[in-house]
Amino acid sequence: MPNESNVIELAKALISRPSVTPEDAGCQQLMSERLKNIGFINETMVFEDTTNLWSRRNGQQSTLNDKVFCFAGHTDVVPPGNLELWKTPPFEPTIIDGVLYGRGSADMKGSLAAMIIATEKFVADYPDHNGAIAFLITSDEEGPFINGTTRVIDTLEARNEKINYCIVGEPSSTHRIGDVIKNGRRGSISAEVDIHGKQGHVAYPEHVKNPIHSAMPALTELSQYHWDHGNDYFPATSFQLSNINSGTGATNVVPGHLTALFNLRYSTELNDQLIVDTIESVLTKHELNYDIKWTFNGKPFVTEMTDSKHCFLASVSKSVEVVTGLAPELSTSGGTSDGRFIAPTGAQVIELGPCNSTIHQVNEAVVCKDLEQLVDIYYECLKRMLTD
């Protein structure tokens, strides 16, 4: 592709680095060099197997707790899968008919490239911008997510360094760039419950306690439980059983245990302690002998529309509309993202990135013109938040 734009050139440079989680493969070094050249102070934070970058450029008369606009994202990608199914090698970025193919092109190296190019352009146009611009980049978003963004946020919080506004470059769009932005995410809580019974021969039911029979009424009640109605930003809370396992493999043996896995995606109408208390009370009501292990994946968060002159959600929405002519749809659907670690600090968090139709798939791809528009959208967001 002759005369490639700056964002496509940078996206290709990032995609060519095989940064399968938790590897960074030099992506952050490339980014930090670009940021250093425009006045950013870079800080590399390595936690266990994860490399993180915190980079910040202060504007005119900035202080530590001045207004901070942060771009957040991840350099790690999921494994490419079966290489024979790729039309081009996953780490050899290739453009075919205006579409850039490669692992991470949509999730989310394309966004990272757009962030960098937009910031370079903004700093050139507004070197004395108000407040600060920051980048929070990790190599552990697709993996266990325990040594990435959450550890960086812990470090920043310990030294009272805040983020006020944050755009996470997750691929939020559905059909066209900017048609959907995520202004929040549902909370996620999972559990593994082990129901204890007593194993024995099926011909002697008086000597056994069947955990399958015991568990069914409780699990049925939980599956039909009405948690809430949702609200203006969130659908109703969803309880989903994802696995039930029991039995010895023999038809004439009552098993001694039943294990069930379930997950709830919940709205801001609930909190994790209420969920725990409710579920354990149902299990106890049915006189089950059980052990349960909870996993707290993230609390729900939402960035709301306000009447403030500097309403972040309004500014981002308007930026999309100015560039694309499209008023974006607001959504809190989908799984979790690293926004769950940033929002609890008080930051307003929005996710905005390319179309997500090919993420985590073979032949992952992004439309080149979408990335070029994304640069303009990010630039417009910076201008609206940091020049007034």
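This is a predicted model: local features need pLDDT of at least 70, side-chain atom pairs count only at pLDDT 80 or more; totals for chains, interfaces and linings use all residues.

**Notes on the fold**

1. Helix H5 (residues 211-224) lies across E10, E12 and E14. Its direction is at about 10° to E14.

2. The strands under discussion form an open sheet of 4 strands. Their order is E12-E14-E10-E15, and the pairing is antiparallel. Strand E12 (238-246) and strand E15 (290-298) are the edge strands. Each has a single partner strand, so one side of each is left without a neighbour in the sheet. On average, neighbouring strands here are turned by 15° against each other, direction ignored.

3. Now the pairing of E10 with E14. Strand E10 (residues 187-196) and strand E14 (residues 257-266) run antiparallel and are joined by 10 bridges. His-196 stands opposite His-257 in E14. The bridge partner of Ile-195 is Leu-258, also in E14.

4. E14 also pairs with E12. Here 8 bridges join the two strands, which again run antiparallel. For a landmark in the viewer, take Leu-241, which stands opposite Phe-262 in E14.

5. Next, the helix pair. Helix H1 (residues 6-15) and helix H9 (residues 368-386) have axes that come within 9 Å and cross at roughly 110°. That makes H1 roughly perpendicular to H9, because angles of 65 to 115 degrees are classed that way. The crossing of H1 and H9 is right-handed.

6. Which residues in H1 and H9 meet? From H1 come Val-7, Ile-8 and Ala-11. From H9 come Cys-368, Leu-371, Glu-372 and Val-375. By class, the contact of H1 with H9 has 6 nonpolar residues, no polar ones and 1 charged residue.

7. Is Val-123 buried or exposed? Val-123 sits in helix H3 (residues 105-125). Its relative accessible area is 8%, and buried means under 20%, so Val-123 counts as buried. Leaving aside neighbours within four places in sequence, Val-123 is in contact with Ile-38, Arg-57 and Ile-133. Val-123 and Leu-382 are 259 residues apart in sequence, yet 9.6 Å apart in space, C-alpha to C-alpha.

8. Arg-176 is the other residue to check. Arg-176 is found in the loop between strand E7 (165-168) and strand E8 (180-182). At 44% relative accessibility, Arg-176 counts as partly exposed, because that class runs between 20% and 50%. Beyond its neighbours within four places in sequence, Arg-176 is in contact with Thr-324, Leu-326 and Cys-355. Arg-176 and Gly-104 are 72 residues apart in sequence and 18 Å apart in space, C-alpha to C-alpha.

Technical notes: Residues are numbered from 1 along each chain as its sequence is written. Side-chain values use heavy atoms; hydrogens and water are left out. Axes are lines fitted to C-alpha atoms, for helices over the stretch in contact, and angles run from 0 to 180 degrees between N-to-C directions. Angles under 35 degrees count as roughly parallel, over 145 as roughly antiparallel, 65 to 115 as roughly perpendicular and the rest as oblique. A crossing is left-handed if the near helix is turned anticlockwise from the far one by less than a right angle, and right-handed if clockwise. Contact means heavy atoms within 4.5 Å. Ala, Val, Leu, Ile, Met, Phe, Trp, Tyr, Cys and Pro count as nonpolar, Asp, Glu, Lys and Arg as charged, and the others, Gly among them, as polar. Two strands pair if DSSP finds at least two bridges between them. Buried means under 20% relative accessible area, exposed over 50%, partly exposed in between (1.4 Å probe, protein chains only).
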